[in-house]
Amino acid sequence: MKMKFVGSCALIGALTAASAADVATWDDRDSFLLNLGGTAIHDDFETYGINVAPGARTLSFNGFDATYDGNDLFGIDDVVNLGHGTGPTSGAQYLLADFGSQSARSLTFSFSELVSDFGVYIRDVELTSLSYETDSGLSGMAVNLASNDVIQFFGLTTGGDESLAFSTITFTMLAQSGTGQDGVMFDQLTYVPTPGSLALIGFGGLAMSRRRR
Ligand SMILES: [Ca+2]
Ligand SMILES: [Ca+2]
Ligand SMILES: [Ca+2]
């Protein structure tokens, strides 16, 4: 089993030992999928139009947004043979984000509900490594510097601890190992809304129906 516990001092200090031990990151998608805390929603980036373009912006998907803060290429792309790697890990499309050029850049996924678990394939990381950070205070290394066309998986599960559920997860490039852009492909994204967020949606719907009376 390929699994490692999240073990930062700050995290352990802020949590009980039991809940901290339930947080895990995964570099193997099959193991990640076996350890989800609820019903998963999968997005293969196949149902959107091609919209790759240069510049910082936010794109909306089904149940989440993706915000890129760089000035290079970002968006849904379908180029399979890139000449320096290949694109999707599944289907014909993927979410492309260019990192690199000696300045820190980030990609943030923002969810409309709190999520307990998140995972995604990250392909072709060859100039930098990517760290991750959630708005619930979880952070660490997502994927290490690899070589051309290597497919890596990053998964994060919170073990059902509602205090660790998050609505954003940000991937930020670390020190760059060379010059130029590093096109990185994200594909087969998975997230699990928490039962609490579903209850909140139900409650909100009830409140709205009451106001309409
Ligand atoms: Ca795909
Ligand atoms: Ca490449
Ligand atoms: Ca690359």
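User: Is Asp-149 buried, partly exposed or exposed, and how is that decided?

Analyst: This is a predicted model, in which local features need pLDDT of at least 70, side-chain atom pairs count only at pLDDT 80 or more, and totals for chains, interfaces and linings use all residues. Residues are numbered from 1 along each chain as its sequence is written, while chains are lettered from A and ligands numbered from 1 in the order in which they are written. A residue is called buried if 20 or more other C-beta atoms, placed from the backbone, lie within 10 Å of its own, exposed if 12 or fewer do, and partly exposed in between. Asp-149 is partly exposed because 14 other C-beta atoms lie within 10 Å.

User: What is the phi of Asp-149, and where does the residue lie?

Analyst: Most residues other than glycine have a negative phi. Asp-149, however, has a positive phi near 75°, and it lies in the loop between strand 11 (139–143) and strand 12 (151–157), where strands are DSSP runs of E with at least two residues, numbered from the N terminus.

User: What is the phi of Asp-124, and is that residue buried or exposed?

Analyst: Asp-124 has a positive phi of about 75° although it is not a glycine, and it is buried, with 23 other C-beta atoms within 10 Å. Asp-124 is found in the loop between strand 9 (106–123) and strand 10 (130–134).

User: Which residues does Tyr-68 touch?

Analyst: Two residues are in contact if their C-beta atoms, placed from the backbone, lie within 7 Å. Leaving aside residues up to four places away in sequence, Tyr-68 touches Ala-56, Arg-57, Phe-74, Ala-97 and Leu-107.

Methods. Helices (H or I, at least four residues) and strands (E, at least two) are DSSP runs, numbered from the N terminus.
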